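The exercises below concern strand order, strand pairing and chain contact. Try each task before reading its solution.

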Amino acid sequence: MEHSSLAGRIFRGIALALVLVFFMFPIVWIFLMSFQTNEQILRIPPRLVFEPTLGNYAALISGQLRTTAGNLEISFVHNLWNSFALSSAAVVLALLLGVPAAYAFARFKFKLGETIAFTLLSFRFAPPLLVLLPLSLYYQDIGLNDTYFGIVWVYQLIALPLILWIVRGYFEDISPDIEHAYRLAGHSWREAFTRIAVPLAGPGIAAAGLLSFIFCWNNFVFALILASADKQPVTVGALAFVTASGIQYGQIAAAIVLSVTPTLLLALYAQRYLVEGLSLGAVKG
Amino acid sequence: MAMGILELRSVDKVYASRSKTPVHAVRSLDMEIGKGEIVALLGSSGCGKTSTLRMIAGFESVTAGSITLQGRRIHELPPARRKVAMAFEGYSLYPPLTVRENIAFALKSRQLSRAEMSRRVDTIAHLVEIEDILDSYPRSISGGQQQRVSLARALVRDADLYLLDEPMGQLEPQLRAVLRGRIKSLLAEREMTAIFVTHDQTEASALADRIAVMEDGVLQQFASEKELKDRPANLFVASFIGEPPMNLLEADVSRTDGGFRLSVGRDVALQIEGDALDAVARKTLETAPSLRIGIRPQKIAVGSGEARVRVASNQWLGDQSHIAGELCGHLVIAVTPGRVAARPGELVPFAIEPRHIHIFAADGTCIHHAEAAAR
């Protein structure tokens, strides 16, 4: 690096800037849109210079959407809270179930073990629409339709396979003899699991948890069908911006910014674990 | 030896017993080890030595049989309650702890004062020469250093039995020799009972009081090094122990007055007196038309004798010559202390004396041993 010439450094800077602009453009554009009114956004040609307004954010937080056709009640903040609650609950539940299961799959060979592990993974590639109809019918029958518990239960199925497979790779990377050494020193199997195996697989568990949180957060179709207005996450709640008097681009942009921010902050905070976790555990078959 | 501190009674280990291809790793193993004794489990990979060690530690279940340690039937206990310390082949140090913490960790479950704990850690660290890395983390030290830490972590504990799996495999030869001596005197001084697994004969004979030779899950012979060399129980032990390995030759048996003649090809005819043999050996020689005889390379005299050997190679190792040649279709190696002028292709006389040969029955059992070397 130190030996590169001035021209080389300039060229590298330009190349990096181009790549950055290419990837960041949609996000930057949405960020800019969130500070504009609908008229400013829809103006042709679009302009980079405008008078910023916080109106979109104010509307979202106050819950009052002013359109040409009149006032509309939206519950964006509540939706955001729903997203957060549903995703966290699902991830916590999936971690509680998935980490011990991953340990079992990594450490013990048992009958149908691989089959069970693969079946769990296959939940990830079944199209959600395929299971949605029977699922909503069953949910109506057993009274789980439109309950937090019901949605968390489905979300948990999004998170579980990811956690199971990523964390399993991690446990497999830890030599069982480390736990053996701990057990020989006078500790039980349970202590070896909680004090040795889980902390050593920590980065993997964090990565898997974060990734499945993002997957849950982004889910749309399950929540659309299974939840009514007061339990909807932001992904579904955003539909409210498509109003009778047109699409509220400014508010949508602001909503996107607000709903992306928590996961973005989380990802930035846990970036180190995420990269380390994904490159160490899951890639290696 | 009075009562054994550790007793293995017809221990069997079968992996995947319910599958179509069960692996019988250890077969009806009987072993008794006395207090303060150091035992080596010696054998090639896959012979069942590590399985045996792990059954004693409790990481493998015992398929059949029993293991008792100081009268406690430990094969029914969880590893935590067996009072066994172990150094693992893969070191298995705790990555988030420093070397010092790793070693002290083994002492945590005991109520020791801080000063006592650190004194013990320092003593053992000095013994295996890791004082300078006590504050490093396992990730940042070399394989050989990790191995010594792992060894220290096992030896620092108070246990009824110490299990060491390939304890010095990663160390440099000089250090290995030094550590062997120190560990042996530590074990002796504290009357610690230890079993270690190795595939290195030198290590086994340097460290162990007795060596258990295993092959195919079966204990072949359990004896001192001298006994294994002088009186091998069977063909496997005879050819496995000793460097270079024992020469094995096919010999035709014919009866003579008061004895037998064992002839290898036309050159070598060995006269064995009937009086020198026990009843079983005599019976076998009477019935078998031919059988195998063995002679240690060190017992073959080069330069005299009636066997004509075509030299294949002649190596001077600095203190001894290894001369390999062909005798009646067998490869024969002789070791002599001096230099020998013999080029490949030349015919050189080898002397094989009757008193130096071991005789093996068809099933591999040794029925007649060579005269023990005076030591």
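**Exercise 1.** Find the residue that stands opposite B:Asp252, then describe the sheet around the pair.

Solution. B:Asp252 stands opposite B:Ser290 in β14(B). Strand β11 (residues 247-256) and strand β14 (residues 290-295) of chain B run antiparallel and are joined by six bridges. Strands are DSSP runs of E with at least two residues, helices are runs of H or I with at least four, both numbered from the N terminus; two strands pair if DSSP finds at least two bridges between them.

The model is predicted: local features need pLDDT of at least 70, side-chain atom pairs count only at pLDDT 80 or more, and totals for chains, interfaces and linings use all residues. Residues are numbered from 1 along each chain as its sequence is written, with chains lettered from A and ligands numbered from 1 in the order in which they are written.

Next, the order of the open six-stranded sheet in chain B is β13-β12-β11-β14-β19-β20, with antiparallel pairing. At its edges, β13 (268-273) and β20 (366-368) of chain B each have a single partner strand, so one side of each lacks a neighbour in the sheet.

**Exercise 2.** Give the strand order of the four-stranded open sheet in chain B.

Solution. The order is β17-β16-β15-β18, paired antiparallel. Six bridges join β15 (residues 301-316) to β18 in chain B. B:Ala301 has B:Ala351 as its bridge partner in β18(B).

**Exercise 3.** How many residues does each chain give to the contact?

Solution. Chain B gives 16 residues and chain A gives 14, where contact means C-beta atoms, placed from the backbone, within 7 Å. On the side of chain B that touches chain A, strand β6 (residues 84-87) of chain B supplies the largest share, three residues.

Notes:
Contact = placed C-beta atoms within 7 Å.
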